[in-house]
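Here is a short tour of one model, written for someone who likes to look while reading. Please keep the viewer open as you go.

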Amino acid sequence: MSQPVPAPARPRPGAQPRSSGLSRRGFLAGLGAVGLGATVAACSSGSPSPSGTSRGGVVDLTFWNGFTGGDGPVMQDLVDRFNAEHDGVDVTMTTMEWADFHAKLPAALTSGQGPHIAIQHLDSLPTSAARGLLLPLDDLAADLALTADDFIRPVWDAGIYAGARYGIPLDVHPLGFFCNTAVMAGAGLDPADPPMDRASYEAALDALLANGVAGHWMSPHTFTGGQTLQSLIWQFGGDLLDADGATAAWARDEGVEALSWMVDAVHRGWSARDVGQDADIIALQNGQAAFNWNGIWSINTLDGISGLEWDVRRLPRIGSVDAAWAGSHNFVLTKQKGTTDDQLEAARTFVNWVSQQSAAWAVGGQVPARRSARESAEFQALAPQAAIAEQADDLRFPPSIPGIGDAIGELYTALNEAVLLVKEPREALADAAARADQVLADNRDRYGA
Amino acid sequence: MSAALPTPRRPLRRGAWWTPWAFLAPFALVFGTFVALPAVRGLWMSLHDWDYLMPSKPFVGLGNYADLFDSTSVVFQRFWDGMAATGIFVVASVPFLLTLPLLLAMALNRRFPARTFVRAVVFLPYVLGVAVVGVLFRFVLDPNLGVLNHLLGLTRLDRVLHALGAGDPVPWLTAQPWTWVSLVGVTVWWTLGFNTIIYLAGLQDVPRELYDAAQVDGASPAQRFRHVTLPGLRPVLAFVLTMTFLASANMFGQSDLMTSGGPGTSTRTALMVILDTGLGQYRMGSAAAMGYLLSIGLGLVSIASFWALRERGGGGRRRGARARRRAAGGAS
């Protein structure tokens, strides 16, 4: 139910690239430069001028998001730059926790106090569209010369509800494989060559265990145990829902296998027992664990810790196929009484402008949504973190149907019960699936499948 | 005014019939806007499948209530699990929140150096917000990284807990019954000060001479507590019991922040279920029905507690005591 709450990050807004091409920040800035070049090239023709705004004074816009981590100051920096470059428009950004954001947005919009522009996660987009909060954006997508080929298919498709586009993808935030390289070296593992398949991963965990380190702490909480479990279910060949999105599929053998692997890690001592919220990533920071599967948004958090030796890769393949959980931030324009045509025009200008800065946005710890930005030669040349984007074709996203969060919440309950050893994985998943099936059926009635 | 005084036989001005209403109006306005109207609207909502953004809000009569009693419905298990969790918390926390503050208040009612300072310290945690308390204790109590388990390990006190059946590390936030121990412990630490202050005020209101009289009659300290302090505190006790019961039944933030309702859903309280149903899943009609069921339950228990602690014909005696004290105060 609650949305990504990245561990507190030390923001570095406006961080300038260092001359050393090897530093992490240097990489990100480089990524920024690459993305900027690519997006500007892609969009140079379609940038509308804020002509509608110059008529009478300044057009005020409000922009809500949940960027409470290291990404917030980066977005604020973008907003400030937009305001400086556009005389006729003044955008005010408000940041709140995602959970508050989702609770407040509908009420604020109905009372006319809501934002003109907002960010939605891929999995909340269809719900918001179904509840009539959003404006269709097909014309803006055309202005931006967005094409399906430039985006990961599910991200592109998720923005479409009932035949109209409601979201402009800003970024993709996948799960990555974070390592504490000092701990790895201490256990005799090669920090430059982290284990990438099941056999070597388990061997590494055994080696760590022999050294007294519980190598990979399995979080029983949504963040990031929930994303780890979803990735594993997909890796073992399973899926969250059946093809129609009508019933939960996670209780099938593949899902049981995935969750059992996490629970076995606890039994075998590869993971600590009773892992608290955020304790998995904190253990990695403290040198109490070697591995953690966490969101790309953790890059800034780890980067801010002096003396920490860490690295990040694409997720290793534990199951039979490569797969990694990912979310996506999307720009939306809200449907609200009292919004003037000038404001709409200015909002489109803003979304268009920020969308072209996806490079600068990558500094906040995100991967640009555009394939062209990711696949450029310069990006590929940037060693370690290109790894996270390397799995772009293997990324899997939450199913995009209205009210999906209600059903996935049941999976998180099963995860919590199983990893805390309250229930057997098969039983926990089956119980959760039965509850989710009812929720899905209810939601079909409500939102009209 | 002074000019009017000499005029004889002028009837006392009582004001128009609407005078009391005029004085009540400011409060009635606030109460009506923020309590009465929403309550009535909530009742109306609970009779519909209500999502204020959806174009159709079908009338379902008592369907939302019937679902709460239908064991095959989606909400049945969630709601009653939440009610059970709330019940456990109330039963576990209220006795501590009634007795510990009373003992503390009696200690703080004595004269000793730095008394005011200690009183302030006891009250201090209460001024913290639930967010501060929740996040603070999430880290203090973290089984693997928390300072509490670290200190227990240093002092070897963790062996006592292991002997009691606690796992290693002691799973303060991740396994039962330790999660309830933590939630109750944190809540007691947090809200102890409020009840203590109320008790303290009550104790200071018990006439000194009753204690003196009891002492003259040869009453032991235990008898003085039983026959003077407790009867003197009866109205205060009724207030503290009711307020504590309601506060415990409305527990939300501690669970939400420290355990997220886990392990499993064992600490997901009724309020968390209602919030998630209404604002997470947008089933506001169902959430309103749950809210009404919960408040009816709480109302009944509150009435029962007030009734149990009502003054049984002792009011006259108490008023007499007050009058005597006032007289004594005037004479000295």
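An axis here is a line fitted to C-alpha atoms, for helices over the stretch in contact, and angles run from 0 to 180 degrees between N-to-C directions. Helices (H or I, at least four residues) and strands (E, at least two) are DSSP runs, numbered from the N terminus.

This is a predicted model: local features need pLDDT of at least 70, side-chain atom pairs count only at pLDDT 80 or more, and totals for chains, interfaces and linings use all residues. Residues are numbered from 1 along each chain as its sequence is written, and chains are lettered from A and ligands numbered from 1 in the order in which they are written.

Chain A holds 19 helices and eleven strands. Of its 449 residues, 56% count as buried (20 or more other C-beta atoms within 10 Å of a residue's own, with C-beta atoms placed from the backbone).

Now for a helix pair. Helix 9 (residues 222-235) and helix 18 (residues 404-419) of chain A pack at about 100 degrees, with axes 10 Å apart. They are therefore roughly perpendicular (65 to 115 degrees). The residues in contact (C-beta atoms, placed from the backbone, within 7 Å) are these:

| Helix of chain A | Contact residues |
|---|---|
| Helix 9 | A:Thr222, A:Gly225, A:Gly226, A:Leu229 |
| Helix 18 | A:Tyr412, A:Leu415, A:Val419 |

Helix 18 of chain A also gives the most to the side that touches chain B, with four residues. In total, that contact takes 28 residues from chain A and 24 residues from chain B.

Key: Angles under 35 degrees count as roughly parallel, over 145 as roughly antiparallel, 65 to 115 as roughly perpendicular and the rest as oblique. Two residues are in contact if their C-beta atoms, placed from the backbone, lie within 7 Å. A residue is buried if 20 or more other C-beta atoms lie within 10 Å of its own, exposed if 12 or fewer, and partly exposed in between; C-beta atoms are placed from the backbone.
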